[in-house]
Amino acid sequence: MKRAIELARCTALEDKAGGPFGCVIVKDSEVVAEGANRVIADKDPTCHAEINAIRAACAVLGTHELRGCVLYTTCEPCPMCYGACCWARVDKIYFASNIHDAKEYGGFDDAAIYNAVKRPIQDRSPEGTELLRKEMLDLWQEFHNMADPPSY
């Protein structure tokens, strides 16, 4: 966790690359990868510390799954990052601060996103509208019927 905090300090205060968020991924007591928030530097709203660390860890381990890995992050993951942790099958998440701290000290309002996803998509902002469902269901059916589908 100390390394994650060091990354957060460097990215926010020294590099000014993004908010004060750092992340380290560990497997078998060894650091596999780390990441820091680079939203501002990369002009990419998805360049959160956890996402960057997950991408790096997957590249190092040569897989899309991080089973057996523990993620240390400086703040409770936002909905996007938490989703990425779930999809990556991370075993455990440790965080040094929570979403309320991020809102109070940095203006990062993840609670609004958590609340929005509880509502039907047509009642969210931005609103979602279903389009070309039949065509997509045809593709889903083809995917479902593949002889050798990719493993998730």
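Reader: How many disulfides are there?
Author: The count comes to zero disulfides, a disulfide being a pair of cysteine sulfur atoms within 2.5 Å. For C47, the nearest cysteine sulfur is that of C81, 10 Å away. C75 is in no disulfide either, with the sulfur of C78 being the nearest, at 9.0 Å. This is a predicted model: local features need pLDDT of at least 70, side-chain atom pairs count only at pLDDT 80 or more, and totals for chains, interfaces and linings use all residues. Residues are numbered from 1 along each chain as its sequence is written, and side-chain values use heavy atoms, leaving out hydrogens and water.

Reader: Is C75 buried or exposed?
Author: C75 is buried, at 3% relative accessible area. Buried means under 20% relative accessible area, exposed over 50%, and partly exposed in between (1.4 Å probe, protein chains only). C47 is buried as well, at 6%.

Reader: Which residues touch the most other members of the largest nonpolar core?
Author: They are C23, I25, I54, A57, L66, L71 and V90, in a core of 22 residues. Such a core is a set of buried Ala, Val, Leu, Ile, Met, Phe, Trp, Tyr and Cys residues joined through side-chain atoms within 4.5 Å. The largest share, six residues, comes from α3. Helices (H or I, at least four residues) and strands (E, at least two) are DSSP runs, numbered from the N terminus.

Reader: What is L71 in contact with?
Author: Leaving aside neighbours within four places in sequence, its contacts (heavy atoms within 4.5 Å) include C23, I54, C85 and Y94. Apart from this core lies another, of five residues, among them A4, L7, V26 and A36.

Reader: Turning to charges, how many salt bridges does a search of the whole structure find?
Author: It finds seven, a salt bridge being a side-chain nitrogen of Lys or Arg within 4 Å of a carboxyl oxygen of Asp or Glu. R3, E6 and E34 are linked in a network of them.

Reader: How far apart are the closest N and O atoms of E6 and R3?
Author: They are 2.7 Å apart. Both residues lie in helix α1 (residues 2-14), three residues apart, about one turn of the helix. An α-helix has 3.6 residues a turn, so residues three or four places apart point the same way.

Reader: And where does E34 lie?
Author: E34 is in strand β2, 31 residues from R3, and the pair links distant parts of the chain. Their closest N and O atoms are 2.6 Å apart. E34 is partly exposed, at 31%, and R3 is too, at 33%.
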